[in-house]
Every structure is written in structure tokens, then in C-alpha cells.
Amino acid sequence: MQRIALRANPRAQRYILRVPADGGPPVLTVPRGGSLATARDFAQRQRGWLAGRLGERPEAVPFVEGGVIPLRGAAHRIVAAGGLRGLVRRETQADDEAGAIGHLLVPGAEEHIARKLTDWLKREARRDLETAVARHAAALGRRPTGLTLRDTRSRWGSCTADGRLSFSWRLVLAPPSILDYVAAHEVAHLAEMNHGPRFWAHCRRLAPHTEEARVWLKREGGRLHLYG
């Protein structure tokens with residue numbers, strides 16, 4: 001049977017089985033007072049439903065020659081450029097076969113494509129995020145103490161009490177408005193370390209498209225973890 005991750009939640013009222021869109025294992029929420037035996041029985045009874053959902057879930061897309069991935073929300077085909085040296089290059093040209101609007105030319109041996117492309121995407125993400133954070137911080141009259149990139153599944157960004165911001169590098173795969181919202185969200189925490197009314201007022205002032213971006217992340221964000 002498919003491996004299932006168990007997650008205890010004392011606020012849950014019932015057993016809940018869900019399939020994350022990010023390619024991670026199914027998660028079974030166990031309510032207060034629940035037991036492993038009951039959780040196992042519940043999972044067994046949901047085998048048909050689980051198999052159907054897993055069959056519908058998109059497959060992972062590795063960073064390999066010919067793969068098509070999003071960059072700032074637009075599809076790009078990965079192309080092995082050959083040669084031993086050089087930087088990843090982006091070309092904007094039509095590709096009717098894949099419906100892509102650009103190519104990402106990755107130099108070097110094919111076995112190094114994944115590493116080189118990941119490193120390049122992280123640099124692009126940092127550049128975009130530093131620009132967005134600087135703009136929002138200036139508008140708010142605050143200054144972060146640092147910016148780091150991570151690859152977390154649980155959150156797109158975070159802000160520590162001492163003003164250090166952290167973001168998922170995968171935001172560079174999303175449309176620019178999504179990255180901009182997450183940057184605004186974390187910058188707003190420099191003024192309000194909570195999710196109260198004043199925080200959301202700051203966030204919406206910095207990013208008027210906050211609600212649309214939150215809906216997009218909830219609906220599509222998990223798919224960004226399928227790449228690479």
C-alpha cells in the first residue's frame with residue numbers, strides 16, 4: 001500500500017486523508033483521541049479513492065534535456081547547449097511543439113544540467129526577491145537584516161523577530177505577481193509579527209493583488225515542487 005504520513009491535530013474533528021499537489025506522500029490527519037489502529041482502518045477503506053487521486057496527480061518534471069518548466073510563470077524548454085563552459089542562457093523563441101515561449105540553454109555535460117539549472121534559478125530568484133523586498137521595505141519604511149533562500153514545502157516565506165527574511169527559491173517559477181505578493185507579505189511582518197488586521201492592512205497596501213495571489217498559491221503553489 002502507498003506510504004501515508006500521519007499528522008496528529010488536536011483541533012481536528014475527524015480523520016482526513018489528502019493528497020498534496022507537491023508530489024509528497026498522502027497525509028492522514030488524526031484527531032484528538034485517535035489511534036493508529038483506527039487510522040490504519042480508515043486508510044484501508046479509502047484505498048480506492050486514494051488510488052484515483054494519485055493517478056490524477058501530475059508527475060514530477062526533472063531538470064533534463066527536453067523538459068518544459070515554468071520560469072516567472074511562462075513555459076520554457078530545457079536545452080542542452082553543449083560545450084564545457086558558459087552560463088545558462090534564456091532565449092525567447094516560439095516552440096509550437098511544447099507550447100513554450102522560450103528556451104533555457106544549459107552548457108556542459110547532460111548529467112550536470114539539473115545542478116547548473118537549479119543554481120541559475122536560485123540566482124534569478126534572489127535577484128527578483130531582493131528587488132521586490134527593497135521596493136516594499138522602502139514603501140513601509142523598514143529594513144530587513146538579511147535575505148536567504150530555502151526549498152521548504154511548508155511555507156513560501158518567513159520573517160524572524162530580528163528582521164531576517166527567508167523565501168523559497170521556487171517562487172521564481174511562479175508568475176511575477178505571486179513572488180511580489182510573498183515578498184510584500186514577509187516585509188509586512190517587519191512592522192507586524194502577526195496576522196492581525198494591521199498586518200493585512202500593510203500587506204494589501206504593498207500588494208493590492210494579495211487576495212488573488214493567495215488563491216493562486218493555494219490552488220497552484222504545490223505544483224511548483226514538482227519541478228527539479
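The model is predicted. The chain has 228 residues, and 43% of them count as buried. Its secondary structure comes to 6 helices and 10 strands. Along the principal axes, the C-alpha atoms fill a box of roughly 55 × 45 × 30 Å. If you take contacts between residues at least 6 apart in sequence, 53% of them join residues at least 24 apart.

I will begin with the helices, and with H6. This helix covers residues 210-220. Which of its residues are buried? They are Thr 210, Ala 213, Trp 216 and Leu 217. These residues span an arc of only 125° around the axis, so they sit on the same side of H6. The general point behind that is helix geometry: with 3.6 residues a turn in an α-helix, residues three or four places apart point the same way. On the face turned away from the buried side of H6 are the exposed residues Glu 212, Lys 218 and Arg 219. As for what the buried side meets, the buried residues of H6 pack against helix H4, residues 176-188, and helix H5, residues 197-206.

Helix H1, residues 36-45, can be described in similar terms. Ala 39, Phe 42 and Ala 43 are buried there. Their arc around the axis is only 100°, which places them on the same side of H1.

Now to the helix pairs. In general, two packed helices are described by the angle between their axes and the distance between the axes.

Take H5 and H6. Their axes come within 9 Å and cross at roughly 95°. Roughly perpendicular covers 65 to 115 degrees, and H5 is therefore roughly perpendicular to H6. In the contact, Trp 200, Cys 203 and Arg 204 of H5 meet Thr 210, Glu 211 and Arg 214 of H6. By class, that contact has 2 nonpolar, 1 polar and 3 charged residues. Thr 210 was also on the list of buried residues in H6.

The other pair is H3 with H5. H3 runs over residues 113-140, and the two helices pack at an angle of about 120° with their axes 10 Å apart. H3 and H5 are therefore oblique to each other. The crossing of H3 past H5 is right-handed. On the H3 side the contact is made by His 136, Ala 139 and Leu 140, and on the H5 side by His 202, Arg 205 and Leu 206. Those residues divide into 3 nonpolar, 2 polar and 1 charged.

Arg 72 is in the loop between strand E4, residues 68-71, and strand E5. What is the phi of Arg 72? The value is positive, about 50°, although Arg 72 is not a glycine. For background, most residues other than glycine have a negative phi. Arg 72 is partly exposed, with a relative accessible area of 25%.

The next loop residue is Gly 86, between strand E5, residues 74-82, and strand E6, residues 89-91. Is Gly 86 buried or exposed? With a relative accessible area of 51%, Gly 86 is exposed; the cut-off for exposed is over 50%. How many residues separate Gly 86 from His 189 in sequence? The separation is 103 residues, and their C-alpha atoms are 39 Å apart in space.

Key
Residues are numbered from 1 along each chain as its sequence is written. This is a predicted model: local features need pLDDT of at least 70, side-chain atom pairs count only at pLDDT 80 or more; totals for chains, interfaces and linings use all residues. Side-chain values use heavy atoms; hydrogens and water are left out. Buried means under 20% relative accessible area, exposed over 50%, partly exposed in between (1.4 Å probe, protein chains only). Helices (H or I, at least four residues) and strands (E, at least two) are DSSP runs, numbered from the N terminus. The arc is that of the directions from the helix axis to the C-beta atoms. Contact means heavy atoms within 4.5 Å. Axes are lines fitted to C-alpha atoms, for helices over the stretch in contact, and angles run from 0 to 180 degrees between N-to-C directions. Angles under 35 degrees count as roughly parallel, over 145 as roughly antiparallel, 65 to 115 as roughly perpendicular and the rest as oblique. A crossing is left-handed if the near helix is turned anticlockwise from the far one by less than a right angle, and right-handed if clockwise. Ala, Val, Leu, Ile, Met, Phe, Trp, Tyr, Cys and Pro count as nonpolar, Asp, Glu, Lys and Arg as charged, and the others, Gly among them, as polar.
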